[in-house]
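The following note sets out numbered remarks on the structure shown below. Please read each point with the sequence and the model side by side.

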Protein chains: 2
Amino acid sequence: MTGATRTARDRARAELAHEIKSAARRHLAAQGAQQLSLRAVARELGMASSALYRYFPSRDDLLTALIVDAYNAVGERVEHAVEAAAPAEHPRVAWRGLCQAVRGWAREHPHEYALIYGSPVPGYQAPEQTLAPFARVPFALLRILRDSGRDLAGPSGASALPGPLAAQLQTVVDANGLDVPPPALARALFAWTGVFGIVGFELFGQLAGSVDPADRFFEYAVERHADLLGLD
Amino acid sequence: MTGATRTARDRARAELAHEIKSAARRHLAAQGAQQLSLRAVARELGMASSALYRYFPSRDDLLTALIVDAYNAVGERVEHAVEAAAPAEHPRVAWRGLCQAVRGWAREHPHEYALIYGSPVPGYQAPEQTLAPFARVPFALLRILRDSGRDLAGPSGASALPGPLAAQLQTVVDANGLDVPPPALARALFAWTGVFGIVGFELFGQLAGSVDPADRFFEYAVERHADLLGLD
DNA sequence: CCCAAACGAGAGCACTGATCTCGCACGCTC
DNA sequence: GAGCGTGCGAGATCAGTGCTCTCGTTTGGG
């Protein structure tokens, strides 16, 4: 993180890398990751395809860079939405903001959503660099819960966690330095996967035959999750 | 549906089309849809790549055939699991069976799951022929609810559906000849999208950092959805 | 029996990702 | 300020892809 880039060459290099990503993102938005062609990007930039390899060692590396950017884009949008809602005082409003930010971004950037939440398909292990950007959304959700002022242990008794699950979640809490108890983490995972389940189904056409404009159903689901999360 | 195929040529044609799909499915399971190559399939079958086009007009048509098969495979497995559970007497057991059938199939055939529930990416409209196979899982869920003997209108009052959503769901009920009221349909959609949200996240590596072996969390989520569905 | 329809092989087109070599120019070192 | 090594872009090349077209051959119904 040196403040000033040293040479003009370095500046040019960083700038060109950025332009490559921009052009690639345009092609991605236009036709999807499947059709993203290094040569087409190079053509648009007026350079030889081989020159691109000076900046990204392979097509997959370029895609990984776009994945990181996408995670950060949705993460940033979610964080802003949550902050704008005064989460400590109005956790339910913050939760609504989070959900609408996710769905809004997804609908505006369907191909980028598909890139990060679609099918990376097995054998693919997320590169180290994607982990932190990826975690921004779930962490934002956990912050809402932590700041909600509710008793996060939740109603004990009936809905107590099964022992093995509680133990597993406790290791997750410890490993990530989270400050919510396992029952709240379980509810958060439930809400998180549920919301992305709806958004994914909507975007990928699985709701075409049923709640096609999913706006109303999404709002309904968001409120049900808010109830389960115990948000006021 | 003529009982006996007419000529030997027709028999050979049907058989070869089946062999092509089988080989393609093997390649799909091995490396994913992205890498599925018509020429590789043709090589494995010892025929010229151009000959494949006598059976499938394009690569996408071959993939569509595999999609239909995959929908039917998971649908059949779910239906068997539900039937085996005596859904009318034990709706909750049937619901568990449905969920475990979905997740089990998904984990055994990750690439096929990705093919149908992954990112078809926008602009793709499901061919007519995929609609019926696609609907088998959600319809199985609705049958569980219908036969559960519960008051499907649900607790009126607090959790009454917002008017617009109720109206939208009523049109869905009418259009598909469903025999469950809108509130039950809303809960079914909630559970359906929620379960697939977890399975998708698990398969696509989004849970890697948290509940990595998702078995316990999945069971937990299935029970919570059963509660919300009002299953005994 | 015979002709048209179905069929498979092969060549070819326009692409793709990736690699390699080759000059050129930039920028650091002396 | 001169010179050299490194970074860089262009072009050729390779293997592989989906898809089309043509051309003999096989086959089965009229």
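Predicted model: local features only at pLDDT ≥ 70, side-chain atom pairs only at ≥ 80, totals over all residues.

1. The domain assignment places domain 1 at residues 1-56 and domain 2 at residues 70-229 of chain A. Between the C-alpha centres of these two domains of chain A the distance is 32 Å.

2. The contact between the chains draws 39 residues from chain B and 39 residues from chain A. On the side of chain B that touches chain A, two or more residues come from each of α6, α9 (163-176), α10 (182-203) and α11 (215-229) of chain B. The most is given by α10(B), with 10 residues. By class, this side of chain B has 25 nonpolar, 12 polar and two charged residues. The copies meet through the same surface, because 100% of the interface residues of chain B are also interface residues in chain A.

3. DNA strand C is surrounded by 22 residues, of which T7(A), A8(A), S50(A), M47(B) and S50(B) are the closest. The surface near DNA strand C takes at least two residues from each of α1, α2 (38-45), α3 and α4 (59-83) of chain A, and likewise from each of α1 and α3 of chain B. Sorted by class, the residues near DNA strand C are eight nonpolar, six polar and eight charged.

4. Which residues come nearest to DNA strand D? Among the 22 residues around DNA strand D, they are M47(A), A48(A), S50(A), S50(B) and R59(B). Here at least two residues each are supplied by α1 (8-31) and α3 (49-52) of chain A, and by α1 (8-31), α2 (38-45), α3 (49-52) and α4 (59-83) of chain B. The surface near DNA strand D comprises eight nonpolar, six polar and eight charged residues.

5. The helix α4(B) deserves a separate remark. It has 25 residues, and from its first C-alpha to its last α4(B) reaches 36 Å, close to the 36 Å expected at 1.5 Å a residue. Its buried residues include L62(B), L66(B), Y71(B), V74(B), R77(B) and V82(B). The buried residues of α4(B) pack against α1, α5 (91-108), α6 (110-117), α7 (128-134) and α8 (136-147) of chain B. As background, an α-helix has 3.6 residues a turn, so residues three or four places apart point the same way.

6. Is D179(B) buried or exposed? D179(B) counts as exposed, because it has 12 C-beta neighbours inside 10 Å. This residue, D179(B), is found in the loop between α9 and α10 of chain B. Along the sequence D179(B) and S119(B) are 60 residues apart, and in space they are 31 Å apart, C-alpha to C-alpha.

Notes. Residues numbered from 1 in each chain as written. Chains lettered and ligands numbered in written order. Contact = placed C-beta atoms within 7 Å. Near = placed C-beta within 6 Å. Helix = DSSP H or I, 4+ residues; strand = E, 2+ residues; numbered from the N terminus. Nonpolar A, V, L, I, M, F, W, Y, C, P; charged D, E, K, R; others polar. Expected span 1.5 Å × (residues − 1). Buried ≥ 20, exposed ≤ 12 C-beta atoms within 10 Å, placed from the backbone. Domains from an automatic or database assignment.
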